[in-house]
Amino acid sequence: MSKSTSWRTAAIAAGAMALAAGSAVAQDKELVFGLQCDRTGATQTVGIFLCPGYHDYISLVNSKGGVEGFKIRVLEIDHEYKVPPAMEAHERFKKEGAILEGVYGTPQIAALTKKLEEDKILGTSPGFGNSASTDGKRYPYIFPLAASYWSQAAAAVTFVKKELGGSLKGKKIAYLFFDNPAGKDPIAILEDLSKSEGFELKTFAVPSPGVEMGAQVLDITGRYKPDFVIAHLFGRSPSVSIKEFKGKGYPLSKVISLVWGASEADIKAAGGYEVAEGYHTLQFAGVGGDFQVIKDINAMYQAQGKPAPKEQETSVFYNRGLMIAALHVEAVRNAIKAKGGAKPTSEDVKNGMEAIKGFTLGGMVPPMEVTREDHEGGGWVQVWTVKGGKLVKDGEWFQAYRDVIKKHLAATN
Amino acid sequence: MWGEIQFGFALAVSGLSIGLMYSLIALGFVLVYKATDAINFAQGEFVMLAGFVAALVLAVKGMPVMGGVVAALVVMIVFSFGLERVVLRPLLGRPVVAVIMATIGLGAILRGLPPITVGGETRALSLGIGDTPFTIGPASLPPIQVLGVVVTLAFLGIFTWFFLKSRMGVAMRAVADNQQVAMAMGINVERYFALAWAMAGTVSALGGVIWGSMLGVDVHLALVGLKVFPVVILGGLDSVLGAVVGGLIIGLVESLAAGYLDPYVGGGTKDFAPYVVMIIALMFKPYGIFGTHRIERV
Amino acid sequence: MLHRESGVFKTSYAADMALYPLPIARWAVAAVILLFAVVLPLSLHEYYLSIINLSLIAVVGALGLNILVGYTGQISVGHAAFMSVGAYTAANLAVHLHLPFWVTLPAGGLMAAFIGAIVGIPSLRIKGLYLAIATLAGQLIIEWVINHTPAISGGAQASIEVPRPTFMGYEMKTQGQLYFFLLFFAALATLATLNLVRSRIGRAFVAIRDQDIAAEIIGINIFRYKLLSFAISSFYAGVCGVLYTYYFGIANYEAFQIGVSIDYLAMIIIGGLGSVLGSILGAIFVTMLPIAIRLVMEPLGGLFFNAGELSSIIASTRLVLFGCLIIFFLVVEPEGLNRLWRNIRNYFRVWPFSY
C-alpha cells in the first residue's frame, strides 16, 4: 500500500472508532428500555404522538435524577408496522441489554410472543394484542397493562346499558369493526353478553384500510337501525365513520368507540368538534393537559428554552405514551427496590411489573393492580364524550364484567 | 319490502357516486398510460401530495377556497413536468417493470416526506360547501360527493372531446400509437409527453382536493391509489370512458357486496368482490371493456 | 486473469453439464460455502445472525418470485398470499397432527403450489399489468378466506402457535441453531433453482417470456408451462411462509399482506430479473437496507438530536432514502445488482489486459 492510502485507511479507522466510542456511554448506572414504534406505516397517526409522549416522560425522569439513581436510555426502532423489522428490533434490544420492551402492534406482539418468553424479556401491549395474554400464568412475559379488547368491549356494553336506562333486554346493538384479528377479538365477548343481557347483536365488518364505508353505515342506519353502535376502528377509519354517521343522520351520541378510534386527531379529521358532538370514546389513560405530570414536562421544556411539544395537542395518544413509560419506570423502580438498589435484570423487572399497585400518576393512570395472574391490571377504562367543543370526562374509571372475561380466559387454555 | 327496495336504491346511489370518485383518480392514471405507456403506481401519492398542498395553503387564515385549489393545481402541474423530465426521460426505453418500480420508489419518497417536513398529523380540508346531504328519495349524498361526481363527469366530457376532436388530442393519440411515425410527421413528442403528465397532474390536483376533503389529509390518503387498479383494469388501461364506466361498476359492486353479501359471510366481501368481477370480465375481454386490443406479432 | 477459461477440457457429458465447470468457480463456491457454514455462525453476534436469518428466508421467497417474473415473464403481485397458505398449512399440520417440520414444510409448499396454479389460470388469457392485478385479486381473496375460515386460521386471532422445529431430538431455538436450519433450506432452494433454469423446463420458461406466441408455434405447451411456473413459484413462496412460521414460532396472515408482495417485487427488480444471484443479492439488499440506514444514522444523528426527535427523523428519512435508492438503481443500472456484479466480474476476466 502506498503512503497516501495507508494514511487514508488510518483516518477512516480513527473515524470509525470515534463513532463507536461516541455511542458507548458509561454503562454502569444506565438502564436500557426498548421501544417499538410505527412512525411511517399503517398506524403512524398513532405512533407519531404516542412515542414522543414516551420519550418525554423518560426525559422528565432522567432530569430528576433517573429512577432510583439509574439513568434510562430509550432505544426506539420504527418497524413500519411490518413483522420482520419488529423481530430484528427485538434482537437489537436484546443485544443492547434492554430490560423491557414496549411492543407496538397486534401482529408484532403475536410474532414476538414466543421469543419474548424464550429470551425472558417482558413485552407490553397496552390496549391491543391478544386478549388472552391477560393470563399471566400462560403468557408470563406479555403484559397488556391496559384494557384488552375484551375488557373494552365489556366496558362499552356496560356504558350502553347505562345510557339505555339500565337494561338491554330487547335492544339492538350494532358492532362496526375492522375485518382483521384485532377487530374480531371482542366478538366472542359481545356474543356472550348478548345472550346473558338479552340484546340483539349484529356485526358489520369494514375491510382495511377502511377509507370508505358508506355501504356498511347505510346498512346500519338505514336497515338495521340499532339503539346503539359500538365502533372498533383504527387509523383513518374512525374519522370517516364519524362523517358517515353524521351524514346519514344517525346521532353520534349513540355511538361509542373503543380506545383506538378515540383521539382528538380523529375528531379533527372528521371536521372538528362540532361535527362529532356527542361522540363517546373509551380511554385507558387520562385525556387533556390537566395533569401534574404534563405540567412538569412543560416546565422541563421551558427550562431548556423550548416550547411545549405540539404532540400534546393529541393528548389521547400522547398521554398513552406517558402512561406506558410511567408503568415501565414503576416496574423498574419496584425491581431495583426489591434488589436493594442493584441493577435489575429483565427477570427482576418482570417481577417488578407484577407488583404494580396503586400507581395513578395524578389520575392519568387508572387504579390498576398488576398481579401474576392478571397482567392487564384490571381492565379499567373511562368514558370521555365530545361536549361543547372538547372531550369531557363522562364518569370515573370503571371495570366491567370481570367474571365473564375470566371465564373466557380460562376457556382459551 | 318497500324498505328493502329503498335500501337497495340508497346502496346503489352511494356505490355509484363513490365509484365516480374512484374514476377521478383513475383518470390521472389513464391519461399517463394513454399518452406515454408509463404505468404510474404512485397515483395515490400524487393525490396525497395535492391534498397536502391544498390543506397547507387553506390553513392560512382568510385564504379563499379557490386559493387552495389553484395552489394544488399549480404545484401538481409543475411537479408532473419535473417528474417527467428528471425521472421518466432516462427510463424511456427500459422494460415496463423498471417504470413500475420507479413509480413505486417515487411513492415511497412522497410518503416519507410529510412526516419530516410538515408533520404527519391529519389535517382537515374544508371546502366550505357545508355538510347537509342532498337527498334523492331514500338515498342521500354528502355535498362533497356530489361535487366529486360533477367534476368527474366534467372531466369525462372535456377529455373525450379533447382526444376525439381537438388537434392536440389527436396528436397525443398519434404519439401514443407510434412514437417514431409521430416524430416523422413533425409532432414534438417530448412536448406531448409533458402535456400528458400535466393533464394527469391537473386531475390529481382536483382528486386530491376532493378526496382530501372527504377523508382528511395525511399519509393515508395515498391508500386510495390502490382502488385505481381494479377500475382501470376493468375499464381498459388506455380508455377515458373505461375509467368512468369501470369506476361506476366497481363502486356499485363494492356497495352491493357490502350490503347483500356481507351479512351471509361475516363481512369483508367488498374488498375482493370487485376483483372477482374484474377477473370474470377480463376472461372475456383481456384488455378491459374499452381497452385497445394489443395485436402481437411474432 | 483469474477467471481462466482456456485450458479447461471436458471429457464426459457429465463434466460438460456440470453446474460449475471451471476450477476457479468451484473454488469460489467452496469458499462461500465455508464462509456461510463455518465462519459466520462462529464469529458473529446473535443479533447479526438474526438479520442474516431474515435475509435467508427472503432469499427463498425471492428465488420463487424470480422464477415466475424474471424467467417466465408473468408479473405477480400475490406472492405473499401463497406464503400465508404455506404458513397456515404447516401450522395446522404441526399443531393438530403433530407432524415434524420435514413433513409440514413440503406439505405447505405443495398446498401453496396447488393454490398458485389455480391463481395462475387467468395467465392464459391475460397478460402484463392486467395479469398483475388479477394476481392481486388472488392475494385479496386468499387473505379473506384465511381470515374468515376459523378452521384454517385457528380462530378470531388468526394466529397459530407452532412448536420449534426439532432435529434428531434437538430443538432449534436460538438464532444460531435457526441459522443452520434456514441456511440448509436457502441453499437447497438456490441449488434447485440453478438446476431448474438450466433444464428443459427452464428453457421453456424463458421462451415464454421472450415471445410466447412463437413458443407456442414451436411446440411448447404454454398453458402447461405457465401453470407450472406459477406452481413452482408458489411452492417456493409456501416454503418461505413455513420458514417464517418456524422462525417466529407463530403463523399470522397479517405478516403476509400486499406490502410484502411489493417488497419481494422490489427485491427481484433491484437484484436483477431472471438471475439466481440477482434474487439472492436483492433479497439481502432489501432486507438489510433499512437496518443499515438506521445503524449509520444513529451515531451520526445522536450528535445532533435527542432520542425522541432522532427516531422520528430516522424513520421518515429511511423511507425517503429507500425510494431514492430504488430510483437511483433503476436509472443507473436497470438490470439490477446482478448486472453490476457481472460487470465487475467481466472486468476481472481479462484484467490486466482489458484491451
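In chain A, helix α4 (residues 106-119) lies across strands β1, β4 (122-124) and β5, and runs at about 165 degrees to β4(A). Contact here means that the C-beta atoms of two residues, placed from the backbone, lie within 7 Å. Helices (H or I, at least four residues) and strands (E, at least two) are DSSP runs numbered from the N terminus. Axes are lines fitted to C-alpha atoms, for helices over the stretch in contact, and angles run from 0 to 180 degrees between N-to-C directions.

The model is predicted; local features need pLDDT of at least 70, side-chain atom pairs count only at pLDDT 80 or more, and totals for chains, interfaces and linings use all residues. Residues are numbered from 1 along each chain as its sequence is written, with chains lettered from A and ligands numbered from 1 in the order in which they are written.

The strands β1, β4 and β5 of chain A belong to an open sheet of 5 strands in the order β2-β1-β3-β4-β5, with parallel pairing; two strands pair if DSSP finds at least two bridges between them. The edges of this sheet are β2 (71-78) and β5 (142-143) of chain A, each with a single partner strand, so one side of each has no neighbour in the sheet. Strand β1 (residues 30-37) of chain A pairs with strand β3 (residues 98-102) of chain A in the parallel sense over 4 bridges. A:Val32 stands opposite A:Ala98 in β3(A).

Chain A as a whole contains 14 helices and 12 strands. The C-alpha trace of chain A spans about 85 × 45 × 40 Å along its principal axes. Of the contacts in chain A with a separation of 6 or more, 70% are between residues 24 or more positions apart.

Buried residues make up 61% of the 413 residues in chain A. A residue is buried if 20 or more other C-beta atoms lie within 10 Å of its own, exposed if 12 or fewer, and partly exposed in between. In helix α9 (residues 237-247) of chain A, 11 of the 11 residues are buried, so α9(A) is largely enclosed by the rest of the structure. Among them are A:Lys243, A:Glu244 and A:Lys246. Just after α9(A), A:Gly249 takes a positive phi of about 80 degrees.

Helices α2 (residues 44-63) and α11 (residues 292-303) of chain A pack at an angle of about 70 degrees, with their axes 10 Å apart. This makes α2(A) roughly perpendicular to α11(A), a class that covers 65 to 115 degrees. A:Asp56, A:Ser59, A:Leu60 and A:Ser63 of α2(A) make the contact with A:Asp296, A:Ile297 and A:Met300 of α11(A).

Between chains A and B, the contact takes 33 residues from chain A and 34 residues from chain B. On the chain A side, α2, β7 (200-206), α8 (214-224), α9 and α10 (264-269) each give two or more residues, and α8(A) gives the most, with 7 residues. By class, this side has 11 nonpolar, 13 polar and 9 charged residues. Ala, Val, Leu, Ile, Met, Phe, Trp, Tyr, Cys and Pro count as nonpolar, Asp, Glu, Lys and Arg as charged, and the others, Gly among them, as polar.

Chain B is also in contact with chain C, through 38 residues of chain B and 36 residues of chain C. The side of chain C that touches chain B draws at least two residues from each of α6 (128-148), α10 (212-217), α12 (258-271) and α14 (307-332) of chain C. The most come from α14(C), with 13 residues. This side of chain C has 28 nonpolar, 7 polar and 1 charged residues.

How values were computed. Parallel < 35°, antiparallel > 145°, perpendicular 65-115°, else oblique.
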